[in-house]
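My entries follow in the order I made them.

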Amino acid sequence: DDLFSKYSFVEKMTGVAMRSRLLFTLDDSDIYIESDEAASRLLTDLKLNEGQAMPVSYNSSFTMDTDQSFARIFFYGIAAPLIAKQEKVNISSLGPFVADMPLQDLAVRKLYKPYGARVHFDDKQQVTAIY
């Protein structure tokens, strides 16, 4: 258990090295990018553009008028950390990807159902169900 057990010498030294400001300098400053071309170059240099760190999107519009635009939030936007690939999917499944937003512990008024949302996506990043 990482919280309560003792660390080995190698684990301790790895932790010390990972927190070292000499080995990993931290520059927590904001940057201003002057143009879309400069932003594109930066994303390419950092390998954060589509086809590298990000999967290639099947839609080119981000208008929020379609299911594809909705799905883009989960695969390319703020909800990307919520996407998980299900290891075991049956034949009649809703797809291999699911975003589970555990809101069920938030208080609700009497007679209201608890919060919670689960969005399923197929292998083509299309929404298949929302619960």
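I started at the hairpin of β3 and β4, which has five residues between its strands. Glutamine 125 in the turn has a positive phi of about 65°. Strands here are DSSP E runs of at least two residues and helices are H or I runs of at least four, numbered from the N terminus. The model is predicted: local features need pLDDT of at least 70, side-chain atom pairs count only at pLDDT 80 or more, and totals for chains, interfaces and linings use all residues. Residues are numbered from 1 along each chain as its sequence is written, and side-chain values use heavy atoms, with hydrogens and water left out.

Next I checked the pairing (at least two DSSP bridges between two strands). β3 (residues 117-121) and β4 (residues 127-130) run antiparallel and are joined by three bridges. Histidine 120 has alanine 129 in β4 as its bridge partner.

I then followed the whole sheet. It is open, antiparallel and ordered β1-β2-β3-β4. β1 (83-85) and β4 are the edge strands, each pairing on one side only.

The core has 10 residues, among them Phe74, Met101 and Phe121. α3 (67-76), β2 (97-101) and β3 each give two or more residues to this core. The largest share, four residues, comes from α3.

Last, I listed contacts (heavy atoms within 4.5 Å) of phenylalanine 121, leaving out residues up to four places away in sequence; they include Ala71, Ile83, Phe97 and Val127.

Technical notes:
Core = buried A, V, L, I, M, F, W, Y, C linked by side-chain atoms within 4.5 Å. Buried < 20%, exposed > 50% of the residue type's maximum accessible area, 1.4 Å probe, protein only.
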